[in-house]
Amino acid sequence: MTVTPKISINNGNLVVNGKTILTGVPDNIVLTPGTGAGLLAGAFIGATGSNSKSLHVFPVGTLEGLRFMCLFRFKLWWMTQRMGTCGKDLPLETQFLLVESKDATAEGEPDDAPTIYTVFLPLLEGQFRAALQGNEKNEVEICLESGDTAVETDQGLHIVYMHAGTNPFEVISQAVEAAERHMQTFVNREKKKLPSFVDWFGWCTWDAFYTDVTAEAVEEGLKSLSEGKAPPRFLIIDDGWQQIGNEIRESNAVVQEGAQFANRLTGIKENHKFQRNNSGENKATVPGLKLLVDEAKQQHNVKYVYVWHALAGYWGGVKPAAAGMEHYDTALAYPVSSPGVMGNQPDIVMDSLAVHGLGLVHPKKVFNFYNELHAYLASCGVDGVKVDVQNIIETLGAGHGGRVALTRAYHQALEASIARNFPDNGCIACMCHNTDGMYNAKQTAVVRASDDFYPRDPASHTIHISSVAYNSVFLGEFMQPDWDMFHSLHPAADYHAAARAIGGCPIYVSDKPGNHNFNLLKKLVLPDGSVLRALLPGRPTRDCLFSDPARDGKSLLKIWNVNKCSGVVGAFNCQGAGWCKIAKTTRIHDASPGTLTTSVSAADVDIISKVAGPNWGGDMVVYAHRSGELIRLPKEAVVPVTLKVLEFEVFHLCPLKEITSNISFAPIGLLDMFNTGGAVEQFDVKLESTNQAAFFDGEVASEQTIPLSDIRAPSTTITLKVRGAGRFGAYSSQRPLKCTVDGTDTSFEYDSATGLMTLILPVPEEEMYRWVIDIRV
């Protein structure tokens, strides 16, 4: 049943489908219905003030007794999740809010009424940016600010967009699409070009060397992984390669992991650590960075090299009047955080820059800066950039028209330079979880989705997984979430690896040379250096959206995704740690979280019916990666799973196809890979007697020539296209008659007790090769 929610203000109540969401709505709050395609289920919230100011806090109404999930910035750079039931549970700097209610207009018993999901998106309007927050009276408030005391207003008419419906994932997508049409300042993920590096295994220098990285260290890291048969095909040279000044040596200059935050960029080329002795005739003319990139690509078969820089150039910006950089009109600016950010977690970067200042390139000259930097990098063979420390720009809006105007100027310049210099849209956005940037991103397609992987912080690992998953509910509408690097040799390595395998994200490590777990990496990386990447951003399942898998002591986190021919659900025990609003840091709040149980079913994969195609009866086979169990699961049945903290299981849910009246079949994939089902790229059923084919390519809109359920031919050939090497598995209700791989007869094993058919795929000679497997049943 399609429900078109009605959003209105009646008698001082904000009502969605007959259910009151907020009570006591003040008279200065204005509701404007959405108009045009896609806006019919939505409305804009506006507010008027008594006088013009650069910062307003507008109470919108009281929220009580309804479950919600929100995403808020716990520090300047990053968001995390918070669940609650009333206004005072809503943190400062909330940028996304999803509220659960019942459809009060539906007939029948209230408990049987459809669940309605209402999303609130605080937006940008003109030079102002909105965020949500709660107060002790359980009121939801809109904080509207410009970031420049000279930029004032007395109202905002379209500062929060509301959208409602019965499917939370569709509601969120529709809300962001509606905001896109209204604002016309950004583009959603599906319309963006995804850079090619995301389908290849990578290595980043950061946690291996921090700012002590050298050209020799890069060479050593690539060699170490390649020798272990986990060859990196993309490389990120992180912070530590640039020319920076070291003039600030005062005792109050903050240093963390080698990054001295007050230091400024003094040139666009590589520093002395990357200058190489070249024995050729053109020794003086070939940059050391180019030599390093050429060696990485020619000697180690690296396909893509990215380098790091901050949005302002370096942590402390660009040195004013630095030699060769005078034309950027850089001036010292002193950052000022918004009250919301200051009310959550203070930041050491801000502490440093507030004292020493940041060298801010003039917004009218920042394209020249980016273009000259990126053109030089491109001339060295670099394919893209990881652009970090992005949210610092919001703190520097004074004198530049405010935070939104300055951020927009910087992002437009950045994306124009990326488009000119890196044709594969080579950009990773990092430390960038503010709506100022997200609602101005027309091109950037990859976003770091949470705070860092911290190898030495035990409190960080469980909250890292849950934060990325929940953040992706929102961020994944704008860009493909990047789950960050991790260490393959680490107590939590399997946990991090499994999450990334189903996250739909790039997969890369930051191992020190020689410190690798190659047995683990073989579950992620194929012999050609490619990865089996799931198709969507990995997000919490519907039944996890309003539970708190980090803090409530009872909930496991389930993350769903799809491959071309199957669904995948990862279950994780993330309990015991999270961001603490009292301590204002991430900490362990339960040193011994309990063992917890949940269940997994087809319903956990939100679009499983679209993946399965028409005429699917609802039955499936479920393959559990860690246990190796294969279960035939009837429609609406569930599989239980029990996990201790930092434990996980990955379930591959493979829709069962009825081939004949007594034979059912489902391809599973490469059984030893975390994302098993990612290996299966195509599924074709051919009736030999009629020479007709029922085609299934895994695409949501694909149509079969004839319904699979109607195939009753006495002999049928199933053709699969499969990528990778190793132990391949499929389910067949009867022992297959014959199997060939690329036309060659191939032996297979069949377990009649479980229906599991297995065969070994050799290592192909070509990259990204698709084996053709014919199975006669």
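The side chains of R129 and E93 form a salt bridge with an N to O distance of 2.8 Å, where a salt bridge is a side-chain nitrogen of Lys or Arg within 4 Å of a carboxyl oxygen of Asp or Glu. The model is predicted: local features need pLDDT of at least 70, side-chain atom pairs count only at pLDDT 80 or more, and totals for chains, interfaces and linings use all residues. Residues are numbered from 1 along each chain as its sequence is written, and side-chain values use heavy atoms, leaving out hydrogens and water.

- R129 is buried at a relative accessible area of 0%, and E93 is buried at 2%; buried means under 20% relative accessible area (1.4 Å probe, protein chains only).
- D436 also forms a salt bridge with R129, with the closest N and O atoms 3.5 Å apart.
- Because D436 lies in helix 9 (residues 435–438) and R129 in strand 12, this pair ties together parts 307 residues apart in sequence.

**Surroundings of Q95**
- Q95 belongs to strand 9 (residues 94–102) and is buried, at 0% relative accessibility.
- Not counting residues up to four places away in sequence, Q95 touches residues including M79, R129 and M438, a contact meaning heavy atoms within 4.5 Å.

Note on methods:
Helix = DSSP H or I, 4+ residues; strand = E, 2+ residues; numbered from the N terminus. Buried < 20%, exposed > 50% of the residue type's maximum accessible area, 1.4 Å probe, protein only.
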